[in-house]
Structures are given as C-alpha cells and as structure tokens.
Amino acid sequence: MDASQTLAPHAAAAGHAQSKYHTFVQLAMALAAITGVEIVLVYLPFARWLIISLLVILSAVKFVGVIAYFMHLRWDRAFCTILFLIGLFLALGTVGALLALFSSEASRPVVSETTVLSYSAIV
Amino acid sequence: MDTTAQASFRAKTEPAQKRAWFFTRPTAKTGLVSWLTTVDHKRIGLLYGFSALFFFLVGGVEALLIRIQLAVPNNTFLQHQTYNELFTMHATTMIFLAVMPLSAAFFNYIMPLQIGARDVAFPRLNGFAFWVFLAGAIILNVGWFIKSSAPDSGWFGYAPLTSNAYSNQFKGDISTDLWVMGLQILGVSSVIGSLNFIVTIINLRAPGMTMMRLPVFTWMTLFTAFLIILSFPAITIALVELMMDRNFGTAFFEASNGGLPILWQHLFWIFGHPEVYILILPAMGIISEILPTFARKPLFGYPLVVFSGASIGFLGFGVWSHHMFTTGMGNAATAAFSLMTMAIAVPTGVKIFNWIGTLWGGHLQMRTPMMFALGFLWMFMMGGFSGIMHAAAPADAQQQDSYFVVAHFHYVLIGGSVFALLAGIHYWFPLIFGRKVSEFWGKLSFWIVFVGFNTTFFPMHFLGLNGMPRRTAVYDGNMGWNTPNFISTIGAFILGLGIAIYFVVMIRTYFKGEKAGRDPWDARTLEWGLPNPPPEYNFAVTPTVHARDAFWHEKHPDHDSELGNAAHGHDDAHGIHMPSQSWFPLLTATGLLIGGLFMANHHYVGAIGGGLLMFLGAYLWALEGPGGYHIHPQGDTTKADPHTTAKH
Amino acid sequence: MSHAAALDPHHDATTSTGIPNKKLFMWAFLASDCMFFGALISTHLIYRLHPPPGSPSPRQIFSIELTSFSTFILLMSSLLMALAVGAIQKGQLRATRQYLLGTILFGLIFLGCQVYEFTHFVHEKGLTLSNSIFGSTFYTLTGTHGCHVAIGVLWLILMYVRSFKPAGADEGRPWLARAFFQVLAFAVTTVAGMALVLGFIHALQEHEPLANFVPHNLPAVGAALVGLIALFRLGHTKAVVEFGPANAIDVESMGLYWHFVDIVWIVIFTAVYLLEYL
C-alpha cells in the first residue's frame, strides 16, 4: 500500500459514508412507497396491459434501486455491473423465450371432455 | 489474494498451542494426507486428470459392450435392461466424468501458470470442488453394485420416463434417484470450480497481462466457466422439480395432475446445449495453443478467435430447442431456433479459418500433439457439417433420434473434444511430468485411434439416414443395417486398441520416459518458462508481461523493450506466500456425499445428518481462516535462460 | 504492509482489477443465481398460462395483506443490512452488531410470515404440494426463496457470533465453546420464539382464551426466555475483539447475497402474487 492512500480518501470516505446513510434510508422509504403503489394499482379499474406494464416498470425501478445503491454497484467498478447484467439478461431472455414458446397455440395442453368432467366432479 | 487474507496471516509458531487440535493445518508434502488435503492447483489438476482418465476407460468399456450387442442383428449378448443402463451410463460417464473433468484438469494445472499466478483465487474451494466431483461420480456409479442397478433413462432423463410410475422396476428402485442426485452434486462441483476460475482469470493476472494478451486457452477457460455458471442452474431446477415429483408427489412433469413433461425437455436442453459448448471450448483452446507452437507462427487473427469464442458461448444459450424440432413446438418457434442454430455455425467457422490461417505458410512440425490437432481440425469440421444438416428443421425431422445424430455428436465429441484433450496430454506431458513421450508410439496410437474412430462412426451416418433408431438394443436382420453395424463394432475395437496403446505409452513414459529438457517444443506461453515439473510455488518471481505470447517475447525480445523479467520481477523479502493445506474441503464434501446417498434412498433423516456434517465442515473451514506460510525458492534456477532453450 | 493507510473497502490493490476477490466471486455467483430463479419463475408462470380445469384460484387463497407486510419487512431488512455494511466499514462495532441483529430479526419475521402463510394455505385453503400444479409450483418457488432467506439468516447469525472473537484468540477452545453456545442460543430462541408467536396468532384467530396460552406453552416460553437471556449475556462483552474494517469485505459479500434475495422477492411478489389480482 503506498502512502497516497492515507488521509485524503479517508476524509472523502467519511463524507461519502454520511451521505450514503441518508441515501439508504431514503431509498428504503421509496421502496416501501412504490410497493404500496403497486398494491393499490392492482385494484384500479385500468386495462390489464396497462397495469401489468406499470407493475413491471415499478418493479424494475425497485430492482435497480436495490442493486445500484444497497448493492453498491453505482460506486463500484463497472465490471461488477456487467457481470451481473450478463446473468440478468440471459435469465430474462430465457424466461421470455419459454413464455413465448408455451403461449403459442401449438403448446396449448390438450384437455379432453372426460377430463373436464372429472375435474368438475372434484371441484 | 485480498487484503483481508494478508491482514490475518502471521507466523504460526507461537500461538499454535492455543489452537484447537482440529485447526492444526496439515503440512504433509508427500503421501496420502498430502493429496487428501491439497490446495495446490497443480495437484488438484492431476487428481481431476487421473479420475477423468479412469472414468474414460469405464465409459469406453460401456461403449464396447454396446457395440458387441449391436455387432449382429437380434443379438442376445445383453439383456435389454442392461443395454439401457449401458447407453445411459456411457453418455453420462463420458460427458460428466471424463471430458468435463479432463478439461478441468487442464484449467486447474495450466491456466494459473499461463497468467503468471501462484494459485487460483480460492485454493481450498478448489480442492472442495474436486472432492464434490468425486462424491458425484461415486453416487452415479454406486448403482452398479446394488439391486437397483445403474440409471437407465438415458443421459438426458426425459420425463415422464423418469417418473416413479415408469422408471421404478420394483419398489425401492433408486436408480433414477441416484442419477438425479449424482448429477445435482456434479453441478455443484462444476459451478464452484468455475466461479473460482472466473475470479482467478479476472483478478490474479501477472502485471502487464492484459486481457488481450491472455493465451487463447485461458480465454476459453473463462468462457467455459461462464457457460457453466449460467447453464447449470437450469438443470439444477429441472432436477429439483424431478426430485420433488419422485419424492413429494408434486406435478411438475405429471400429466395426470396438470404437469407438462415437455417442460423437462426445455429446461434440460437450456442446460444441455451450452453443455456441449462447455465440452468443446476447452478443446478449441488447447488446439489454439498447439497449432501456433508446431506451425512456428503466432495464432492467426487472435482477436477474432477470442471474439468468436465469446459469440459461440453467448449464442449457445439461444439454440436449445434444436434438440426438440420434432416435438411440435409450432412453425414460428421451430423456424427461429433453426435460424439461430445456423447462425452459430458462423463463429465456429471463423475459428476454423483462423486455425487454417495459422497453419498457412508455417513451418509445420509433425509431432504427436500436432497430429492430434490436425485430426481435430478435420474431424471436428466433419462433425460440424452433420450438425449444420441437423440445423435445417425439415431434414432433422428424419435425422432426429436416428444414428445420424450419434454420428454427428461422436464426430464433434471424439473427433473434437477427445482428440484435443489427447493432444493436450501429449503437449503438456513434458511440462507436468518432465518426460518426453516417444514420437513413434505416440504417433502409432494416434493413427490407430484415428482409423478406429472413423471406422466406428462414419458408417453411422448411413445407418441413420437408412432409418436405424437410437437406443434400441436389437435390430432385425432384414433392415439393411447389418454390415455397417458390424464394421462399426470392428472400428470400436480398433479405437479401443488405439486408446489402450495411448494409455500404456503414457504410463510407461511416466515411469521410464526420456527426461525432457525445459521448453522442449520452443513454445510461446508462460507455463513453458518454468522448471518441469514446476515447483510448488510456480514462479519464483512473478513475471511482468510485455506482449501476447509472453514467453516467446521473453525469448525473443524486441530491441526496444526491456530484456526478460528478471529486471522487473520485484523480490518479496518475506518470501513467497503459500496457502495452507486443509482437511475441511474433504470433510465438507464427505457430508455432501453422505447426505446425497441418504437422499437418493429417500432416507430424509440421514440426509439431514449429511447436511449437518456438511455445515460443520463449512463452518470450521470458515473459522480456520486462510492461514498461509512463506517459503523461499531455492537459488535462482527458476528462470529459463533463453539462450539454452532447446531449438528444433 | 502499511497500517497507516485506511483500508479502502472498495479497492484491493493486490488484484488486477482492484475489485476484491470475494466481491467478484459473489457477483458471479449472483449472475448464476439469476438463471436459477429465472428457471423456477418460468416454471411457475408457464403453468399459470393454461391452468387445468378445476385448478384452485389464487385470488381465493392469497392474503395480499400478509404478503404486503412480509414484502415490506424484507425491504426494510435490506436497509438494515446496508447500514450494517456501512457501520463495519467505519469500524463501528456496536452499530454493526445492532444492524446485524435487526436484519436477523426482520429476516425471521419474514420467515415466520411464510411459515404462517404455508400452514394457513395447507390447512384452511386446502392447497398442498401435491394436489394441484399450482400448489407444486407455488410452494417450490416461494419455498426455495424461503430457503435462501433461511440460509442468509443463518449466515448473518454466524457473522454476528464471529464479531465476538477475542483478539489473539486464534481459534482456541474457549472462543469456540463460546461461539457454539451463542449459535445454540440463537437456534433455541428462534425455534421457540417462532413457535410461540405463530401459536399466539393461531390462538387469536381461534378465539381461544389467551390467559391459557402461557401455561399451555410453558416449555417453549421457558426455552425462549433462556435463549434470550443467554443471547443478552453473550452479546454484552467488553472484550477486545478481532473484528473490524478488515472483515468488512465478508459482511459486504453477505450483504450482496441478502440484497439479491430481496430483489428476487421483488420479482416474485409481482409475478406470483400481484399478477393474480388482475
């Protein structure tokens, strides 16, 4: 460790740490508020596609808030972010592809009439 | 090694009396204990290598038994149940217990040397990954010795064949449970090992070793590690869901209760396709080291080779359903996957052109590793051609589930992966063991393997196109399949002979081979600058890298750049810091083995017991701390004098 | 090694990138865990596309109030975790321990809500692992997430206990015994406490006379009290410990894991619960 890493970054770190405390608390409040909005949103009489889009956006905002601030990516080397995003995008792509595959008409499960009757008997 | 480790290690002499006895670090350098507690990447590489070669022989015997059964029509050599177990275990063994660990052997031994590191980032975790691998190998094979017998549902275990209803031959048949548990545990080993390699390659490079100066083998190690950590979760979940179905009555693949068996296929192949790139990328890396060395030229188009490797890895996640063209996914899906599969041939082709470019105009030296490498180029290309034929979904409608597929993947897996791994063993043998393999016997083994391999698998293209299905224990004599099958079986035994010669040669050379001088191939990468075998601490002085093909530049420095690394390596006055050995990786893995065996037996109390042992091992491992000690290298004989390197 | 230099928690000069090894390892692991949960969430969503006839209706089963509460709890636990990391980076030992305990408590509340939710769904709503595909996917997905939370809580407890290692102890027997008892105290208090709380809530719902509650649950009450007292005594020590900014990387790595479990829950809450109300 060379001498240049002594006082200056330490003092900067201290100020940095103070503002981080407030950032964290404010973020937590925002996360709680957004969650509240999401819960209310599902009961509102809007179109399905609109509500789903809003939920996705709000969840994404919470998601980014947590990874950027609580998980410190905003202040870390970019490589950590890239590493995580590779996994995230691959996962999102795979989920999307699977849902597209199973939503297609060809993938609709076959249900026979007798099956329908026997299920209704259970219910 | 991070500052936390440096902060906490100190001379361990005085406080040693206060430590609890089970925290005394083992210090044996020879003997069984030294192997059981090793954290040295070179030893761990050897452990992976020997295990892999052992299971390669096991898988080979399984294959020969299959070929005997298929030599003639309506054969009664094997019971059909046994046949099912053999093709399941042949594939599972070759993929997970032979090729992958053999690649891991090279990742472990060679990669840290190529980047100028002392060891991997987490040495104890490295040892743990090996012992977990061994646990998985044991669980997979234990079936051979018990009434349940070995797993028999194919290496890809399609639902609903793997459900209790279809796969249990009798009450208490746990063969499928052993398969599930064994694969699950092997996945843990692979992921942990790969995480370690990623951190090592990114963070432990020698000064001046920028990413674009990395040897291609190290790049391929990195890409393979990424593929492993991102693809294994899919099969982990698939296996968890299958285990839940079998043990707890869930309905994931149970059609009668709302499940969709096709989901298994999707999840499996989301893993399974990247898996085949996991099998081939290391091989491509090895070839990318061997061709330049024996063509006496740098690799042609290094950035393109690296970028193609990354593309193959990434695109490999988007093609999985080409294994499912005949499952009725619908036109859009089928077309999309067909196009993606054709696209992925492009970066593969780019690599082949770059390898040809490397050979072009080179001064070719036809040593044994070069023979295997050239064999790779041709055979892998042929496997690629049949692969592209599969990519066209309409053509695949006829090829699917036929011997055409068997031909394709054996060309890429044997002609590709195995040839390259056999080449790598020959190539790095002088470095690892300090002895030269006889050229005559090496080349003989190559030719017999080459002839045997083609005799076995080339006829299978025709068998497939003529309609012979996979995974059938008998075929009738009037299908027109008799002669190719017979030829194929002859070929298999020739291949077996070639492999046997190869093994005997290696064993003989290990004990009695001619000693090799340093850098016998006049190679290009850093590992060749070390004594052979390398000392425990690898580099006495961490090299400073000035260019790609770092070792070549040390030997042939430009007039402008400074000479060698002696001027730049700074001597650590404390000596070289070495990681301490530990019992806890072995202990923790043993807990996993015990837990896994109980779990496969549906004995949940025992499984929890195994889990507790695992937890105890891990906790003590954490409390033990990184440890570490210093050694001082003997003399200064560790740097090869460039002027005395043997030239051919 | 110069000791005058403040340990910069975000820069490790011994690595090629400056990123500490453990941090890089954890981020790579989390990338892998994204695929893991992606596959599980996919399974659940796929089976919600075409529910078989006679499938249970999630709207009839879910209690959005309970799940909202537990979501809020987990989000707040993330805050406490981040504050714990900040505290240890500044060398504030007491604050670190308090924040760690807070995170543990909130994590346990979340787990308690999950246990309650599962038992409620099984007993009152008739949703089991095996009687419908919805049950299979729901319990497996949220149960796996719950296991991740439980592992995180265990890790937090072990980290908390680790913060009491006396300086110069060097893994001697007295320290190990102390650590063992502290972990045991946590285990006893957790199990007994959770049983009591859940039992109490059950009693409230069944309108049982509350005066009988303590006498009927004496062993659990006793165990919980003993555990709490042990934790209190073990947690108050003036001994100089070997736990400071040099260990911040371990707390930070654990924090990354904990936050990840939280963001997975953000996705699960939306995709599994909220979407059913549309």
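Reader: In this predicted model, is C:Lys22 buried, partly exposed or exposed?

Author: In the predicted model, the side chain of C:Lys22 meets that of C:Asp250 in a salt bridge, at 2.7 Å from N to O. The pair links helix α1 of chain C, which holds C:Lys22, with helix α9 of chain C, which holds C:Asp250, 228 residues apart. Buried would require under 20% relative accessible area and exposed over 50%. With a relative accessible area of 26%, C:Lys22 is therefore partly exposed.

Reader: Which helix of chain C gives the most residues to the side that touches chain B?

Author: The contact between the two chains takes 50 residues from chain C and 50 residues from chain B, and together they bury about 4200 Å², with 66% of that area on carbon and sulfur atoms. On the side of chain C that touches chain B, α1 (21–49), α5 (133–162), α6 (173–205) and α9 (248–273) each supply at least two residues. The one that gives the most, with 15 residues, is α1(C).

Reader: How many salt bridges are counted between chain C and chain B?

Author: Over all chains, a search of the whole structure finds 18 salt bridges. Across the interface of chain C and chain B there are 11 residue pairs in polar contact, both residues being at pLDDT 80 or more, whereas the count of salt bridges between chain C and chain B is zero.

Reader: How many residues apart in sequence are the parts tied together by B:Lys29 and B:Glu536?

Author: The side chains of B:Lys29 and B:Glu536 meet in a salt bridge at 3.1 Å, N to O. Because B:Lys29 lies in the loop between α1 (3–8) and α2 (32–36) of chain B, and B:Glu536 in the loop between β2 (514–515) and α17 (550–555) of chain B, the pair ties together parts whose separation in residues is 507.

Methods: Residues are numbered from 1 along each chain as its sequence is written. Chains are lettered from A and ligands numbered from 1 in the order in which they are written. This is a predicted model: local features need pLDDT of at least 70, side-chain atom pairs count only at pLDDT 80 or more; totals for chains, interfaces and linings use all residues. Side-chain values use heavy atoms; hydrogens and water are left out. Contact means heavy atoms within 4.5 Å. Buried area is the accessible area (1.4 Å probe) that two parts lose on being put together, summed over both. A salt bridge is a side-chain nitrogen of Lys or Arg within 4 Å of a carboxyl oxygen of Asp or Glu. A polar contact is a pair of N or O atoms within 3.5 Å; within protein, one must be able to donate a hydrogen and the other to accept it, and residues adjacent in sequence count only if both atoms are side-chain atoms. Helices (H or I, at least four residues) and strands (E, at least two) are DSSP runs, numbered from the N terminus. Buried means under 20% relative accessible area, exposed over 50%, partly exposed in between (1.4 Å probe, protein chains only).
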